[in-house]
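Please consider the structure shown below.

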Amino acid sequence: MAVKKEKHKMPEQDPKKRITNFDEVPFGYSPEVAIEEAKRCLQCKNHPCTEGCPVEVDIPNFIKEIAEGNFDKAVEVLKTKTSLPAVCGRVCPYENQCEGNCTLLKIGEPVAIGRLERFLADYERKKGVKPPKKTKPTGKKVAVVGAGPAGLTCAGDLAKMGHEVVVYEALHAPGGVLMYGIPEFRLPKAIVHAEVDYIKKLGVEVNYDVVVGKTILVQELLDDYDSVFIGTGAGLPNWLNIPGESLDGVYSANEFLTRVNMMKAYDFPHHCTPCKVGGIAATFGAGNVAMDCARTSLRMGAKKSYIIYRRTEKEMPARNEEIHHAKQEGVIFKLLTSPIEFIGDDNGKIKAVKCIEMKLGEPDDSGRRRPVPIPDSEFTIEIDTALVAIGQSPNPLVPESMKELVTEKWGNLKVDENGETTVKGVFAGGDIATGAATVILAMGAGKKAARAIDEYLKSKK
Ligand code: FAD
């Protein structure tokens with residue numbers, strides 16, 4: 001039988017309706033559709049999809065089990081390698097990972113691996129997650145700093161190996177960017193809580209409101225634990241550094257999204273977090289963070305929402321799905337445009353942004369063509385809110401609190417191929433080591449570090 005060339009579609013909320021709520025946009029596959037989609041998999045002998053997965057999920061096998069209707073077995077295969085499948089099934093950039101390697105790309109669309117992963121995770125959650133098996137304790141203790149995808153993955157894997165793991169998190173909730181950054185309509189917070197609960201059931205203890213480097217030092221953790229993993233992420237916003245950036249109404253993406261997601265500004269009056277967005281919002285940048293800001297601004301009441309980006313659509317770093325959803329929702333893309341000044345009114349409130357038109361020149365260090373300003377092409381756009389989403393840098397607090405932790409050019413922690421920092425027994429991974437990247441790469445780094453920590457603990461005997 002010929003293989004269907006396209007992925008099975010996933011039903012989703014109507015764009016006009018969904019910009020009036022914060023409910024999740026796609027609804028997920030039904031069991032019948034999941035089985036049909038799984039049957040598209042060719043079960044290639046060399047399984048190139050697995051090579052594209054930083055956490056080494058056994059993709060062909062879980063898909064095979066779905067195709068045969070063995071959902072419980074499929075969950076088992078999936079969970080051997082990942083403790084955050086519902087998260088990955090929603091936010092992973094599959095097109096650059098597993099799906100980007102799928103053999104079906106030769107004839108059409110890849111198998112919808114992400115959607116199948118999401119289906120399984122949701123199936124298991126609805127049914128009731130089976131408590132994980134506990135491993136015999138090794139007697140070794142590890143402290144994990146930061147409860148983002150890197151820290152949680154490292155903690156979960158170490159617990160599965162029998163080590164005692166305690167996580168120290170600065171905020172009052174776990175998940176890192178999954179909780180404070182990625183909006184509810186893309187990743188419902190109840191799902192993040194459910195996956196974190198599973199990790200806790202593995203035996204991991206999580207302590208909140210502990211700012212390592214201030215409340216407690218890494219050296220103090222090293223005195224109490226056999227090893228330390230640092231997964232503090234890249235939460236320091238980058239700024240445009242143009243005049244007017246301190247005007248009222250100019251937010252960093254981090255502040256804006258934290259107010260809306262973690263502090264639930266959208267749920268007024270149940271949550272009284274101030275965050276006023278009306279009139280015209282402009283987001284600067286074109287990554288996932290920028291798409292989240294632009295789409296959130298519409299849901300928060302903006303009548304018009306712009307993405308202002310200095311390159312073209314081809315160079316946009318956001319996932320295809322995010323760009324597609326933003327366009328469907330009416331976000332207006334002003335490309336080859338760069339801001340040069342924010343203009344305020346007499347009360348210090350932003351009222352406009354002065355921009356300049358750009359053209360693409362020769363490729364820069366990133367391999368993308370460098371945007372070059374076109375002389376005398378300045379123009380002004382009236383705006384009421386500016387959201388700066390041009391990237392984040394590694395959090396400096398932990399490296400600054402321990403001078404032996406060497407950092408590199410962009411403030412990221414220097415680590416070796418096993419994730420060990422320049423301090424013996426202290427490992428690091430995720431955005432704090434790579435700079436702002438992706439959930440799955442952070443999880444991959446957490447997994448690799450867990451293995452290296454295990455080896456280190458064995459060698460310490
Ligand atoms: P984080 O998720 O940042 O977690 C770090 C944790 O450490 C946080 O909980 C923080 O509070 C805590 N911490 C920091 N300092 C301290 C301290 N001193 N003491 C104790 N705890 C501390 N990636 C994708 O793959 N797909 C997407 O769709 C996507 N969308 C994104 C949207 C937004 C808005 C943002 C900001 C990022 C997005 N990313 C996406 C990137 C992805 O979320 C990150 O790469 C990933 O979360 C990094 O994981 P991490 O564990 O290294 O860091």
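**A walk through the predicted model**

With a relative accessible area of 3%, Val 145 is buried; buried means under 20% relative accessible area, exposed over 50% and partly exposed in between, with a 1.4 Å probe and protein chains only. The model is predicted, so local features need pLDDT of at least 70 and side-chain atom pairs count only at pLDDT 80 or more, while totals for chains, interfaces and linings use all residues. Residues are numbered from 1 along each chain as its sequence is written, and side-chain values use heavy atoms, with hydrogens and water left out.

Val 145 belongs to strand S1 (residues 141-145). Here helices (H or I, at least four residues) and strands (E, at least two) are DSSP runs, numbered from the N terminus. Between Val 145 and Gly 203 there are 16 Å from C-alpha to C-alpha, and the two are 58 residues apart in sequence. Ala 38, a residue of helix H2, is also buried, because its relative accessibility is 3%. Ile 19, in the loop between H1 and H2, is partly exposed at a relative accessible area of 23%. The C-alpha atom of Ile 19 is separated by 6.8 Å from that of Glu 329, although the two are 310 residues apart along the chain.

Some backbone details occur in loops. The peptide bond that joins Phe 268 and Pro 269 is cis, with omega about 5°, and Pro 269 is found in the loop between H12 and S7. His 47 is not a glycine, yet has a positive phi of about 25°. The loop between H2 and helix H3 (48-51) holds His 47, which is partly exposed with a relative accessible area of 35%. Glu 56 likewise has a positive phi, near 60°, in a residue other than glycine. Glu 56 lies in the loop between H3 and helix H4 (59-67) and counts as partly exposed at 33% relative accessibility.

The aromatic rings come next. A pair of aromatic rings is described by the distance of the centres and the angle of the planes. Rings of Phe, Tyr and Trp (its six-membered ring) pair if their centres lie within 6.5 Å; planes under 30 degrees apart count as stacked, over 60 as edge-to-face and the rest as tilted. The structure contains 9 aromatic pairs. Why is the pair of Phe 22 and Tyr 266 stacked? The ring centres of Phe 22 and Tyr 266 are 4.2 Å apart and the planes stand at 15°, so the pair is stacked. This pair links distant parts of the chain, 244 residues apart: Phe 22 is in the loop between helix H1 (15-18) and helix H2 (31-38), and Tyr 266 in the loop between helix H12 (253-262) and strand S7 (280-284). Phe 22 counts as buried at 9% relative accessibility, whereas Tyr 266 counts as partly exposed at 25%.

Another aromatic pair, Phe 427 and Tyr 456, is edge-to-face, with 5.9 Å centre to centre and 65° between the planes. Phe 427 lies in strand S16 (residues 426-428) and Tyr 456 in helix H17 (residues 439-459), so this pair ties together parts 29 residues apart in sequence. Phe 427 is buried at 2% relative accessibility, and Tyr 456 is buried at 13%.

Ring pairs also join Phe 22, Phe 185 and Tyr 266 into a cluster. Arg 299 lies over the face of Phe 185, 3.7 Å from the ring centre; a charge sits over a ring if NZ of Lys or CZ of Arg is within 6 Å of the ring centre and within 35 degrees of the ring normal. Lys 141 lies over the face of Tyr 225, at 5.2 Å from the ring centre.

Finally, the ligand. Of the 37 residues around the ligand, Val 91, Glu 169, Arg 186, Val 212 and Asp 431 come nearest; a residue is near a molecule if one of its heavy atoms lies within 4 Å of it. H13 gives the most to this shell, with 3 residues. A backbone N or O atom of Val 177 lies 3.0 Å from a ligand oxygen atom, and for Ala 437 the corresponding distance is 3.2 Å. The protein covers 96% of the 1,000 Å² of accessible area that the ligand has on its own, by the Shrake-Rupley method with a 1.4 Å probe.

Note on methods. A polar contact is a pair of N or O atoms within 3.5 Å; within protein, one must be able to donate a hydrogen and the other to accept it, and residues adjacent in sequence count only if both atoms are side-chain atoms.
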